Amino acid sequence: MWGRGVGGIWWGGAIGGMCTAIISFDPSSPVPVLLVGVRDEFVAREWEAPGRHWPDRPGLVGGRDLRAGGTWLAVDPGAPRVATVLNGRGRMAPETGRLSRGELPLRVAADGKLGRLDLASFDPFHLLGAEPDRVRLWRWDGVELVERELGPGLHMIVNSGLEGEGRLEGQTEDAYMAARLAHFRPRLAAAARPEPGPDVPLEQAWGEWLPLVTGDGLPRADHRALLPLFDLGEGRVWGTTSVSLTALTAAGVRYDFSAVSGDASTWARVL
């Protein structure tokens, strides 16, 4: 998700991606922010599991992309704060001088804001930043930067935007994303909202959400799949490579991480 065509797939003549961010914001809850980050990528692209990979930002924790050096999701447990980035739609940056979108979650997790950026050097993106009392979403389409506050409730962001608001008719990728939203959003909304404690097992922490965010039993080639996997031929396999579950309280962060390989997921506690 850090260069032209990376983190995406050619469908219907257009380049895109199908990463998903799910966020629940309830300021009255002991755990006001829950964020599920689903990263979709060519599975051969190398990365490192979450850790403190950035000496210039020693407080940050996240997985590191080994091609571009950035991340798809970063956490600052001391703030506490979390940020994640998805591919967007619009005008691509020039080849010369293009910057990695993997820098963006690091900025927001560390500083709570984007700061001064040469936005024209970044391909389009959706960038989500959350603190216990505030959730923001930035959208850059190559021309205009839009910042919006997300209020209390459940929100899903895909590459076509918040709740798929930028969906294009006739695009296979957008039809898949719409099917994903239609399947998972009502199920997540109907499930008991988790309140993950710092010292409880994974299943107890994430409760009714856990089977949903690990796929809800759908085949990974299903057009509704949250964790897709597609063999594109010629040795190219594309799909979900990881799932991150983060919970913010005033006191800190809980961060559970799953590396997704084939049909199996292995969970590890990060924070």
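Residues are numbered from 1 along each chain as its sequence is written, and side-chain values use heavy atoms, with hydrogens and water left out. In this predicted model, local features need pLDDT of at least 70 and side-chain atom pairs count only at pLDDT 80 or more, whereas totals for chains, interfaces and linings use all residues.

Helices (H or I, at least four residues) and strands (E, at least two) are DSSP runs, numbered from the N terminus. Seven strands form an open sheet in the order E5-E6-E7-E8-E9-E10-E11, with antiparallel pairing; two strands are taken to pair if DSSP finds at least two bridges between them. Strand E5 (47-51) and strand E11 (145-149) are the edge strands, each pairing on one side only. From one strand to the next, the twist averages 15 degrees. The antiparallel pairing of E10 and E11 extends over five bridges. Leu137 stands opposite Arg148 in E11.

Helix H1 (residues 104-111) contains the buried residues Leu104, Pro105, Leu106, Val108 and Ala109. Here buried means under 20% relative accessible area, exposed means over 50%, and partly exposed lies in between (1.4 Å probe, protein chains only). The cover over the buried residues of H1 includes strand E7 (73-76), strand E8 (81-87), strand E9 (125-131) and strand E10 (134-140), where contact means heavy atoms within 4.5 Å. H1 lies across E7, E8, E9 and E10 and runs at about 160 degrees to E8. Axes are lines fitted to C-alpha atoms, for helices over the stretch in contact, and angles run from 0 to 180 degrees between N-to-C directions. Gly112, which follows H1, has a positive phi near 75 degrees.

Val135 lies in strand E10 and has a relative accessible area of 1%, so Val135 counts as buried. Leaving aside neighbours within four places in sequence, Val135 is in contact with Ile23, Phe25, Val33, Leu128, Gly129, Ala130, Arg148, Glu149 and Leu150. Val135 and Ile23 are 112 residues apart in sequence, and their C-alpha atoms are 9.0 Å apart in space. His155 belongs to strand E12 (residues 153-158) and is buried, at a relative accessible area of 13%. Not counting residues up to four places away in sequence, His155 touches Ala21, Ile22, Ile23, Leu150, Leu162, Glu163 and Arg185. A polar atom of the His155 side chain lies 2.7 Å from the backbone oxygen of Gly151.

Some backbone geometries were also noted. Most residues other than glycine have a negative phi, and most peptide bonds are trans. Ala79 and Pro80 are joined by a cis peptide bond with omega about -15 degrees, and Pro80 is placed in the loop between E7 and E8. Glu234 is a residue other than glycine with a positive phi, near 55 degrees. Glu234 lies in the loop between E14 and strand E15 (236-249) and counts as exposed, at 79% relative accessibility. Asp216, likewise not a glycine, has a positive phi near 60 degrees. The loop that holds Asp216 runs between helix H4 (209-213) and strand E14 (229-233).

A search of the whole structure finds 21 salt bridges, a salt bridge being a side-chain nitrogen of Lys or Arg within 4 Å of a carboxyl oxygen of Asp or Glu. One of them joins the side chains of Arg187 and Asp216, at 3.3 Å from N to O. Arg187 is partly exposed, at 37% relative accessibility, and Asp216 is partly exposed at 27%.

Glu131 forms a salt bridge with Arg81, with the closest N and O atoms 3.5 Å apart. Here too the pair links distant parts of the chain: Glu131 is in strand E9 and Arg81 in strand E8, 50 residues apart. Arg81 counts as buried, at 12% relative accessibility. In the salt bridge between Asp56 and Arg57, the closest N and O atoms are 3.9 Å apart. Asp56 is exposed, with a relative accessible area of 60%, whereas Arg57 is buried, at 18%.

Key
A polar contact is a pair of N or O atoms within 3.5 Å; within protein, one must be able to donate a hydrogen and the other to accept it, and residues adjacent in sequence count only if both atoms are side-chain atoms.
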